[in-house]
Amino acid sequence: MKDAARRIIDAIGEGGRVAVMTGAGSSAESGVRTFRDRGGLWEDYSLEEVATSEAFATNPSRVHEFYNTRRAHLATVQPNDGHRALVRLESLFGDRFALITQHVDDLHERAGSRRVFHMHGELYKARCVECSDVVEWMGDISLDDGCRSCSGSMRPHIVWFGEVPFFMEEEIPDVCDGCAVFFSIGTSGTVYPAAGLASMVSLGGGLCVEINLETTPGSGIFELQIEGKAGERLPALLDELEALLKPEEAV
Ligand code: APR
């Protein structure tokens, strides 16, 4: 891990920026199901039936039930050591750090991360189908719930397949453009545009680092691969990074 940490510090240099992309695997150790692993959500549900605007138009109750179940489960889980390690990474680099996430859970925020871009939306928010007003929403959404502004019906504030992810117009390209180090953590890298961000960084000369239990279809783009659980590998990496950056505090 020491060698990996050294390469990362060298790539960041004096003023380099750090971007992190997380996927379902980084909440797996908290007990949140991934999508495509064995036991993943898409084994039990057809994504066409619960995660598309067509599904919501055809059978909104079923779509609400899927997200209501996930929202209720989210209240029962806690951030893990991987989430906490990313808070340490943010405190090392401050404004030069950004966390892009495919998670719709709030575990990064609960751990203490501050600059987080939820490109696939957030479970604890709902949006009006008519006027697009977005509100915090902790409980179930039902067909009877109406928008506080226009009484329109409410949908989960989730990016469904076929919809454009959030923050892709400006913030996420700005974060990735010219960034020195890009981490891809716990994602299969199969859903675009999230899966294309590492290539953008690599083309710009940045170092791409993958942390995953296994290799992924896009692993070839990552110059550095750290195999294992995010909740174990990230804290170990942060120990090394902190020791290199704050040598006077190292034991
Ligand atoms: N530590 C690190 N990686 C892990 C861990 C772990 N503890 N557990 C699982 N993984 C890895 C798996 O090896 C896999 O590569 O996490 C990845 C999970 O992949 P997916 O289930 O495909 O999740 P993700 O990449 O986030 O999916 C992307 O697809 O269905 C949509 O909108 C959904 O945002 C999601 C998107």
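Predicted model: local features only at pLDDT ≥ 70, side-chain atom pairs only at ≥ 80, totals over all residues.
Local features were considered at pLDDT of at least 70 and side-chain atom pairs at pLDDT 80 or more, whereas totals for chains, interfaces and linings use all residues. Residues are numbered from 1 along each chain as its sequence is written, and side-chain values use heavy atoms, with hydrogens and water left out.

The ligand is surrounded by 23 residues, a residue being counted if one of its heavy atoms lies within 4 Å of the molecule. The closest are Ala24, Arg36, Thr187, Ser188 and Asn212. Domain 1 (2-32 + 79-119 + 165-249) and domain 2 (33-76 + 121-158) each contribute at least three residues to this shell; the bounds come from an automatic or database domain assignment. The shell comprises eight nonpolar, 10 polar and five charged residues, where Ala, Val, Leu, Ile, Met, Phe, Trp, Tyr, Cys and Pro count as nonpolar, Asp, Glu, Lys and Arg as charged, and the others, Gly among them, as polar.

A polar side-chain atom of Asn212 lies 2.6 Å from a ligand oxygen, and one of Trp42 lies 2.8 Å from a ligand oxygen. Gly186 places a backbone N or O atom 3.2 Å from an oxygen of the ligand. The protein buries 94% of the 740 Å² that the ligand exposes when taken alone (Shrake-Rupley method, 1.4 Å probe).

Points were joined across faces, edges and corners, and a volume is the space filled by probe spheres set on them. One cavity of 30 Å³ or more was found in the whole structure. The largest cavity has a volume of about 40 Å³. Its lining (residues with an atom within 4 Å of a point) consists of Glu210, Asn212, Glu214, Thr215, Gln225, Ile226 and Glu227. Strands are DSSP runs of at least two residues (E), and helices of at least four (H or I), numbered from the N terminus.

The second largest pocket (an open set with protein on both sides within 12 Å along at least five of seven lines) holds about 180 Å³. It is lined by 17 residues, of which Gly189, Ala194, Ala195, Ala198 and Phe222 are closest to its centre. Strand E7 (181-185) and helix H10 (197-203) are the elements that give two or more residues to this lining.

Definitions and conventions. Polar contact = N/O pair within 3.5 Å; in protein donor to acceptor, adjacent residues only side chain to side chain. 1 Å grid on protein atoms, 1.4 Å probe; cavity = no way out; pocket = protein on both sides within 12 Å on 5 of 7 lines; lining within 4 Å.
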